[in-house]
Amino acid sequence: MKKRTRREFIKVFSLSSTSLFLVSYLPADNWLAKLDGEPKIFSPSVYLKIDSNGIVTIIVHRSEMGQGVRTSLPMLLAEELEVDWEKIRIEQAEGDKKYGNQVTGGSTSIRRSWEPFRIAGATAREMLITAAAARWKVKSSDCKAENGYVINKINNKKISYGDLVEDASKLPVPKNVKLKDPKDFKIIGKRLHRLDTPAKVYGKAKYGIDIVLPGMLYAAVSRSPVFGAKVKSFDASKVKSINGIFDVKEISSGIAVVADSTWHAFKGKNALSVIWDEGPNVNVDSESIRNRLKEKLKVDGELVESKGDIDLLTDEGAKKIEAVYEVPFEAHATMEPMNCVAKVENNKAEIWAPTQSPQQARTAVAEKLGLDEDNVTVYVTLMGGGFGRRSHTDFVIEAAEISKAVNKPVKVIWTREDDIKHDRYRPVSMHHLKGIINKRNKLLFFSHHVIAPSIWEQNSGVKLSPKRYDTVGGAVEHDYEIPNYKITGSIVEVPIPIWYWRAVYHSQNPFAAESFIDELAYAAGKDPYLFRMEMLPDNSRLKNVLKVAAEKSGWGKKLPKGKGMGLAVFSGYDSYCAEVTEVTVNENNEIKVDKVTCAIDCGIVVNPDIVEQQVDSAIAFSLSAALKGQITIRNGSVVESNFDDFPILTFSEMPIVETHIMQNTFSVGGVGEVAVGACAPSLANAIFAATGKRIRKLPISL
């Protein structure tokens with residue numbers, strides 16, 4: 001493929017009529033500029049359009065699933081563009097290579113867009129200033145941009161951006177534009193209201209499940225309860241007698257019932273009789289999988305990271321501590337179940353999906369249907385929770401297959417039971433930890449053996465060393481100064497589909513490590529806070545957040561019987577977090593999480609409101625998993641099916657969350673996942689403080 005030069009790129013996406021750049025996605029009305037006629041559009045970047053009416057449209061290429069990306073990303077561009085925030089409009093990008101990597105996950109949206117979006121804004125600003133200076137016949141340095149206008153500093157005359165669109169679009173694109181010094185930020189760092197809130201409040205926001213196309217049918221899919229099973233035969237005679245049934249088709253994931261409504265599709269699915277070839281996994285259960293992991297406890301695992309004497313066994317007067325921690329399979333349980341609308345006709349496919357990976361969805365549909373990828377369009381809708389689940393493409397492929405089979409637009413909707421029983425789960429894991437405390441009550445040796453299946457290996461089919469895998473994330477590159485330590489890994493194959501989950505391995509490895517650090521602190525006879533502070537270097541950002549969290553929480557205060565405080569730290573995604581959790585455990589061993597105090601250092605903060613919201617959601621999500629969540633396997637199938645047996649945290653159970661954001665100018669870090677890592681261990685450590693019972697297995701049970 002020919003590499004396009006920057007100049008050529010601008011030619012393609014520069015001055016145009018609305019027909020070149022209008023996105024055919026179905027946005028809420030108030031996000032799309034109501035344009036009369038065909039105003040000229042200045043578009044010096046794929047992320048930006050300015051029309052001759054002065055409306056600035058910012059194209060968001062990441063998926064919005066509650067994390068505020070439709071506000072925080074535009075803030076980056078608007079900051080450099082010097083534009084009136086009230087004149088900003090948002091369009092959601094469809095899946096396309098021109099936007100670069102569009103996967104939304106791993107707390108990457110702001111980190112990876114921080115510079116490109118600011119450059120896009122600064123480039124446009126500079127071109128608009130140049131256009132105005134030429135019109136006034138003055139130097140560009142005699143002009144400045146402010147609030148959607150270019151102002152002549154000599155005589156205070158001003159021209160709106162809309163009036164400069166045509167002139168600016170004819171200019172060469174400047175290179176190496178100067179970005180603002182953080183001290184000059186006007187938008188970044190402000191608590192600006194979220195642009196998507198009004199549409200959500202007034203019910204105008206379009207989630208995947210809201211999409212309706214003319215002539216659209218509805219489908220439900222019967223999938224094998226046993227993982228890896230295939231359809232042997234099916235009887236649809238009872239289904240076709242149900243009112244509203246349109247067709248029954250076999251697809252790659254099972255049998256699809258297509259009807260004139262969701263209700264009829266569900267009724268048809270329930271009436272369907274399918275005989276499955278259950279395959280080799282029918283006898284697999286949780287205990288047999290657990291035994292596979294336990295076998296690895298007998299070996300050391302492959303060395304991933306080390307320092308000092310990694311074979312240290314003892315020291316004079318030393319205490320040796322050893323423990324095994326366990327984490328179960330976990331479902332995503334997004335509030336909006338999986339759904340997708342597909343329209344396949346004339347060798348083309350249009351997809352409306354609440355997807356975190358529109359480009360992968362596009363590729364997957366093209367491959368499954370044998371289409372040219374250019375003939376597949378993926379429109380990204382809002383989504384009611386993602387947590388990594390919607391970065392998989394299984395639900396998108398189903399819709400495309402069914403639409404092609406019936407030659408109609410089709411909406412596929414999963415029931416909650418479909419969602420829980422046919423998810424792709426956070427992996428199980430087991431952790432063997434060892435520590436040696438010397439006679440001076442300092443940590444002399446620490447080892448962490450991570451035993452888990454690899455998401456990467458299972459989904460790529462490529463075997464590599466644990467060093468190259470995802471399983472040790474959150475266990476390696478820790479901040480503690482320990483003279484002798486080693487991190488080892490063992491990968492275990494499992495027949496249960498596993499996938500990315502919020503923070504994934506960074507949710508389970510820190511649980512084991514930070515809980516064990518707590519054990520070591522007590523073994524050393526030291527306060528867990530002081531024990532950690534002694535091991536963190538003075539210039540450590542992690543040490544700073546730990547200090548703030550401890551101070552703000554009142555760490556060390558005397559608590560009544562049944563109450564306890566625990567703390568933990570986590571660094572990852574270019575950010576640092578410390579949490580102090582306060583719990584009450586009553587005489588019936590019922591646990592109430594009273595408060596979580598979080599200190600977070602994520603570098604430059606784009607929008608403090610959104611950071612706080614992300615911390616709140618991370619803690620709610622983590623507490624659900626730590627206190628309640630567990631997927632059980634029996635006869636090759638998932639036992640749990642709905643929120644009655646896979647509960648999540650209720651509103652009344654949500655603790656007070658107090659978030660303290662560090663103010664600095666370090667590089668921008670991720671936020672969505674970082675507060676997950678410290679949550680479960682700080683909770684477990686708090687329960688130990690309250691009860692004396694050490695928690696080494698999730699979900700927590702006393």
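This is a predicted model: local features need pLDDT of at least 70, side-chain atom pairs count only at pLDDT 80 or more; totals for chains, interfaces and linings use all residues.
1. Helix α11 supplies four residues to the lining of the second largest pocket, the largest share of any element. Helices and strands here are DSSP runs numbered from the N terminus (H or I, at least four residues, for helices; E, at least two, for strands). Residues are numbered from 1 along each chain as its sequence is written, and side-chain values use heavy atoms, with hydrogens and water left out.

2. The second largest pocket holds about 840 Å³ of space. Of its 32 lining residues, G228, S252, S253, D394 and R424 are the closest to the centre. A pocket is an open set of points on a 1 Å grid over the protein atoms alone, with protein on both sides within 12 Å along at least five of seven lines; a cavity is a set where a 1.4 Å probe fits but cannot get out; lining residues have an atom within 4 Å of a point. Points are joined across faces, edges and corners, and the volume is the space filled by probe spheres set on them.

3. At least two lining residues of the second largest pocket come from each of β9 (230-235), β10 (245-251), α11 (394-406) and α13 (455-460). By class, this lining comprises twelve nonpolar, eleven polar and nine charged residues. In this scheme Ala, Val, Leu, Ile, Met, Phe, Trp, Tyr, Cys and Pro are nonpolar, Asp, Glu, Lys and Arg are charged, and the others, Gly among them, are polar.

4. The cavity search returns three cavities of 30 Å³ or more. The largest cavity has about 60 Å³ of space, and its lining consists of R426, W501, S507, S622, A625, A626, V676, A680 and L698. Helix α17 gives the largest share of that lining, three residues. Six of the lining residues are nonpolar, two polar and one charged.

5. E612 also belongs to helix α17 (residues 608-627). E612 is classed as partly exposed because its relative accessibility is 24%; the classes are buried under 20% relative accessible area, exposed over 50% and partly exposed in between (1.4 Å probe, protein chains only). Beyond its neighbours within four places in sequence, E612 is in contact (heavy atoms within 4.5 Å) with R191, T659 and I661.

6. N281 is placed in the loop between β12 (273-277) and α9 (286-295). A relative accessible area of 15% makes N281 buried. Its side chain reaches the backbone oxygen of F227 at 2.9 Å. Residues up to four places away in sequence aside, N281 touches V226, F227, G228, P495, N635 and G636.

7. Which cysteine sulfur is closest to that of C598? It is the sulfur of C577, at 3.6 Å, which is too far for a bond.

8. R89 lies in strand β4 (residues 88-92). With a relative accessible area of 23%, R89 is partly exposed. R89 and A675 are 586 residues apart along the chain, and their C-alpha atoms are separated by 31 Å.

How values were computed: A polar contact is a pair of N or O atoms within 3.5 Å; within protein, one must be able to donate a hydrogen and the other to accept it, and residues adjacent in sequence count only if both atoms are side-chain atoms. A disulfide is a pair of cysteine sulfur atoms within 2.5 Å.
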